[in-house]
Amino acid sequence: MTNMTHAIAIAGASGRMGQMLIEAVHNADDCNLAGALDIASSPSMGLDASVFLGKPSGVLITADLATGLLHAKTLIDFTRPEGTIAHLYACRKLGVNAVIGTTGFSDAQKAEIATIAQDIAIVMSPNFSVGVNVTLKLLEMAAKAMATGYDIEIIEAHHRHKVDAPSGTALKMGEVIAQAQGRKLSDCAVYGREGITGERDPSTIGFAAIRGGDIVGDHTVLFAGTGERIEITHKSSSRVTYAQGSLRAVRFLAGRASGLYDMFDVLGLNPS
């Protein structure tokens, strides 16, 4: 597989993340841009997908899924839940694998994705940063050691354009912590506080979301005990980390016909 060239289609090709992904594909020796998708109302429709780089690719941005996926082996999708689900059905029909960085899926949509993954191989993660996924592993260790006597709060900050809260990464952090302590996040999560809330329930995991400016993504998990507190923080200064992690996921999927994977699988962090 060392000489394999990965043919990649990008969804949301004219957006911030889409352009970052296109640039990453362009700069990777083992990848080539095979398709570019966007919504029909995009002003970039019909334009060369990498014109913003000053290096035309010959791949035109299209809203037609069959056209955009025709020459691709893998789709990278960081768009919106409804769009991603539609893209995945097209991928299943055409035998194209997928790397999904979209967040905000409902439980029903997650179940749809799991069903589709019986026919194609999918890596799905709320965050493709290698650093974030190592942070998740550290949180798993910390949560086991501090299961009692420590209050757990998750604080996240993102740019003003983000539409879902808490972030998918913050929720994943909560899930990892809860699972490490033998609990379900849905049973212990508290999302925001206001008014007379009473004393803090020590069994809860709290979330706070901040939105403003151009913050790429900051996440802090606070383990607050008596006489000490531990803070585990990850800060993103560029979406480049997400793009590079996405390409690692593409390479991981090469040769896999089906299955639903996450970044722990890609990075070898899951127990074998």
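I take buried to mean under 20% relative accessible area, and I keep in mind throughout that this is a predicted model.

**Strand S10**

I began with strand S10, residues 217-224, and asked how many of its residues are buried. The count came to 6 of the 8, so I note S10 as largely enclosed by the rest of the structure.

I then looked up the strands that pair with S10. Strand S7, which covers residues 151-158, pairs with S10 in the antiparallel sense over 7 bridges, and strand S11, residues 229-236, also runs antiparallel to S10, joined to it by 8 bridges. Ala 224 turned up in both pairings: in S10 it is the bridge partner of Asp 151, while its bridge partner in S11 is Arg 229. I recorded S10 and S11 as a hairpin with 4 residues between them, and in the turn I found Gly 227 with a positive phi of about 90 degrees.

**Ala 180**

Next I went to Ala 180, which I placed in helix H6, residues 168-180. Which residues does Ala 180 touch, if those up to four places away in sequence are not counted? I listed Glu 140, Ala 143 and Lys 144. I also checked Ala 180 against Ile 100, 80 residues apart along the chain, and noted a C-alpha separation of 25 Å.

**Leu 47**

Last, I looked at Leu 47, which lies in the loop between strand S2 (31-37) and strand S3 (61-62). Together with Val 51 and Phe 52, Leu 47 makes a nonpolar surface patch of about 250 Å².

Methods:
Residues numbered from 1 in each chain as written. Predicted model: local features only at pLDDT ≥ 70, side-chain atom pairs only at ≥ 80, totals over all residues. Heavy atoms only, no water. Buried < 20%, exposed > 50% of the residue type's maximum accessible area, 1.4 Å probe, protein only. Helix = DSSP H or I, 4+ residues; strand = E, 2+ residues; numbered from the N terminus. Pairing = 2+ DSSP bridges. Contact = heavy atoms within 4.5 Å. Patch = residues over 30% accessible without salt bridge, like charges linked within 9 Å, V, L, I, M, F, W, Y side chains within 5 Å. Areas by Shrake-Rupley, 256 points an atom, 1.4 Å probe, with all protein chains shown as cover. Salt bridge = Lys/Arg side-chain N within 4 Å of Asp/Glu carboxyl O.
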